[in-house]
Amino acid sequence: MLLSDAIKIYVDHMEAEHKSPATIKGYYGDLKLFCLYLRNPLINLVTPDQVDLYFKERKDLGWKRNSMVAPAMAIRKFFEYWRRKGCQVLDYQMLPIIHKEGVEPRVASEGALEKILAQCSGDSLYDIRNRAIILLLENTGVRNGELCSMDMDVVEKSQVIEENGVKQYSYVIRTEKSRSPRKSHRRTFWYAEAQAALEKYIAARPKYADLVPLRHPEALFISTQNSHGK
């Protein structure tokens, strides 16, 4: 069987197992690149040395280590599937497992943050919304998806703690990283400047919501269907 035909069968298997579309698309793309590199041989002729050489040459061409984590896993899972079906293919346990390197998070400098805030210092509806978003991201460190998960119940459910004259505001968000349903929420915190920007945005939100029908009217930070990238 040609490698390309084996890849198509494996992708069909992933779809039957209801793997996520993103996973299927990623694996299919990685396996097609591998197939192209080997010039589409018979699947039983692929050797572990060829796989090792594939990743070595990617490295020599300047590919970063983290960019090879997913392709290595895709190739390993692919040959594991065919091995378990009883086909005489290479032993997937001999294939490399590439571990992701730790990457230092990029943090905006104080000057960069001031420049960003200066771009949304006006009184337009979009400036008011964007300033609240930037300050909450800076204060809380939440991910973009977590910020988008905040609903209008932040008005009723946020808590205020004052210590040594400093007010701290908090709200429970749905987190993206935890795989456990018990830990799918966590409390996040922000301070007075972000709270002031948030209150100004909430006061202006009804005007923003009246522009066109909302996609998600329950969401705190809303977008509109015809906002042209705003």
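**Ring clusters, helices and cores in a predicted model**

Ring pairs join Y10, F78, F79, Y81 and W82 into a cluster, where rings of Phe, Tyr and Trp (its six-membered ring) are taken to pair if their centres lie within 6.5 Å. The model is predicted, and local features therefore need pLDDT of at least 70, side-chain atom pairs count only at pLDDT 80 or more, and totals for chains, interfaces and linings use all residues. Residues are numbered from 1 along each chain as its sequence is written, and side-chain values use heavy atoms, with hydrogens and water left out.

A pair of aromatic rings is described by the distance of the centres and the angle of the planes. Planes under 30 degrees apart count as stacked, over 60 as edge-to-face and the rest as tilted. The structure holds eight aromatic pairs. In one of them, the ring centres of Y37 and Y54 are 4.9 Å apart and the planes stand at 50°, so this pair is tilted. The pair links distant parts of the chain, with Y37 in helix α2 and Y54 in helix α3, 17 residues apart; helices (H or I, at least four residues) and strands (E, at least two) are DSSP runs, numbered from the N terminus. Y37 counts as partly exposed at 30% relative accessibility, whereas Y54 is buried, with a relative accessible area of 4%. Here buried means under 20% relative accessible area, exposed over 50%, and partly exposed in between (1.4 Å probe, protein chains only). Y81 and W82 also form an aromatic pair, which is edge-to-face, with 5.1 Å from centre to centre and 75° between the planes. Y81 counts as buried at 14% relative accessibility, and W82 is buried with a relative accessible area of 3%.

Helix α2 (residues 21–38) has 18 residues and reaches 26 Å from its first C-alpha to its last, close to the 26 Å expected at 1.5 Å a residue, the expected span being 1.5 Å times one less than the number of residues. Its buried residues are I24, Y27, D30, L31, F34, C35 and L38. These cover an arc of only 140° around the axis, which puts them on the same side of α2; the arc is that of the directions from the helix axis to the C-beta atoms. On the other side of α2, P21, A22, K25 and L36 are exposed. The cover over the buried residues of α2 includes α1 (3–16), α3 (48–60) and α4 (69–84), with contact meaning heavy atoms within 4.5 Å.

R39 follows α2 and is placed in the loop between α2 and α3. Most residues other than glycine have a negative phi. The phi of R39, however, is near 65°, a positive value in a residue other than glycine, and R39 is exposed, with a relative accessible area of 75%. A positive phi, near 55°, is also found in N164, which lies in the loop between β1 (159–163) and β2 (166–174) and is exposed, with a relative accessible area of 76%.

In soluble globular proteins, nonpolar side chains tend to be buried together. A nonpolar core is here a set of buried Ala, Val, Leu, Ile, Met, Phe, Trp, Tyr and Cys residues joined through side-chain atoms within 4.5 Å. Of the 30 residues in the largest nonpolar core, F34, I75, F78 and F79 touch the most other members. The elements that give two or more residues to this core are α1, α2, α3 and α4, and α4 gives the most, with seven residues. A second, separate core of 27 residues includes L113, I133, L198 and A204. With neighbours within four places in sequence left aside, F79 is in contact with F34, I43, V46, V89, L90, Y92 and L95.

R58 is located in helix α3 and counts as buried at 6% relative accessibility. The charged end of R58 sits over the ring of W63, 3.8 Å from its centre, the criterion being that NZ of Lys or CZ of Arg is within 6 Å of the ring centre and within 35 degrees of the ring normal. When residues up to four places away in sequence are not counted, R58 touches W63, S67, M68 and P71. K32 likewise lies over the face of Y28, at 4.4 Å from the ring centre.
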